[in-house]
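Biologist: I'm new to this one. Could you walk me through how to read it, feature by feature?

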Amino acid sequence: MIKPIFHPLVLGVCLAFCAATQAQDWQLAKDEEGIQVYLSVVPGSQYKAYRGETVIQASIDRIRALQEDVEGSCAWIHQCQDQQLIRQEGARSWVHTYFDTPWPVTPRDSLIEVTTEEREGGLLRHLKGVPDLLPKEKGYVRVARVEGYWKLEPLEGRRVKVTYQLHSEPGGSVPSWLANSFVIDAPFNTLKGLRSLAEER
């Protein structure tokens with residue numbers, strides 16, 4: 001059975017990007033409801049990278065299943081309107097995501113290549129934007145760059161530490177107020193939504 005692999009925008013950094021962002025200072029921007037959001041300046045970009053962390057009381061298999069339900073995961077990814085699996089080849093998948101944006105910003109869409117790596121009982125999903133994979137669609141601005149990762153680390157007591165790190169270049173014109181709120185709201189709301197579903201009994 002095909003197991004599609006999830007992206008969230010509302011989705012490891014590729015190795016080169018990971019090294020670059022880790023060299024920067026991460027500053028705690030929000031710490032509420034057991035979720036921490038950190039921000040970091042990315043050289044050459046006007047948009048900050050974000051990293052969200054939380055602990056989920058569920059099995060890795062449960063969290064993995066929620067992530068690999070490509071269409072269903074749109075329910076908990078921040079601002080996700082629709083999400084589709086384009087294709088899968090072994091550990092790699094390609095996902096097309098459509099995002100709602102506040103007026104007057106034009107809605108965005110993104111194309112992501114997701115590479116899944118299993119390590120030490122956990123999971124690392126590398127996210128890399130492939131904006132030219134499909135033709136651009138009318139009514140949407142294509143996200144120009146996405147690099148990030150999801151990391152699932154097993155803890156004692158059937159708990160999982162979940163880390164979601166991302167940097168994107170949204171393309172087009174984005175007001176500063178929206179860009180500043182997005183880098184906090186995206187990881188916080190995405191992790192909160194994922195945790196809520198994963199911990200349902």
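Modeller: Let's go from the whole chain down to single residues, keeping in mind that this is a predicted model.

Biologist: Where do I start? How many helices and strands are there in the protein chain?

Modeller: Start with an inventory, then look at the order. Here you'll find three helices and ten strands. Read from the N terminus, the elements go α-β-β-β-α-β-β-β-β-β-β-β-α.

Biologist: And what share of the residues of the protein chain counts as buried?

Modeller: Of its 201 residues, 51% count as buried. As for the accessible surface, that comes to about 9700 Å², with 49% of it belonging to carbon and sulfur atoms.

Biologist: What about helix H2? Which of its residues are buried?

Modeller: H2 runs over residues 60-68, and its buried residues are Ile60, Ile63, Arg64, Leu66, Gln67 and Glu68. Next, ask what sits over them. The cover includes strands E3 (49-56), E6 (108-119), E7 (122-129), E9 (145-155) and E10 (159-169), and also H3.

Biologist: E10 is in that list. Is E10 mostly covered or mostly open?

Modeller: Mostly covered: nine of the eleven residues in E10 are buried.

Biologist: How do I read its pairing? Which way do E3 and E10 run, parallel or antiparallel?

Modeller: Check the bridges and the directions. E3 and E10 run antiparallel and are joined by seven bridges; for example, valine 55 has lysine 161 as its bridge partner in E10. E9 and E10 are antiparallel as well, with eleven bridges joining them. There, leucine 155 is partnered by arginine 159.

Biologist: Which residues does threonine 163 touch?

Modeller: Leaving out residues up to four places away in sequence, threonine 163 touches Arg51, Gly52, Glu53, Tyr149, Trp150, Lys151 and Glu153. Glutamate 153 is ten residues from threonine 163 along the chain, and their C-alpha atoms are separated by 8.5 Å.

Biologist: Last one: how many disulfides does a search of the whole structure find?

Modeller: One. Cysteine 74 and cysteine 80 form it, with 1.9 Å between their sulfur atoms. For handedness, look at the angle about the S-S bond: it is -105° here, and the link is left-handed. Both cysteine 74 and cysteine 80 are buried.

Conventions: Residues are numbered from 1 along each chain as its sequence is written. This is a predicted model: local features need pLDDT of at least 70, side-chain atom pairs count only at pLDDT 80 or more; totals for chains, interfaces and linings use all residues. Side-chain values use heavy atoms; hydrogens and water are left out. Buried means under 20% relative accessible area, exposed over 50%, partly exposed in between (1.4 Å probe, protein chains only). Helices (H or I, at least four residues) and strands (E, at least two) are DSSP runs, numbered from the N terminus. Contact means heavy atoms within 4.5 Å. Two strands pair if DSSP finds at least two bridges between them. Accessible areas come from the Shrake-Rupley method with a 1.4 Å probe; for residues, only the protein chains shown count as cover. A disulfide is a pair of cysteine sulfur atoms within 2.5 Å.
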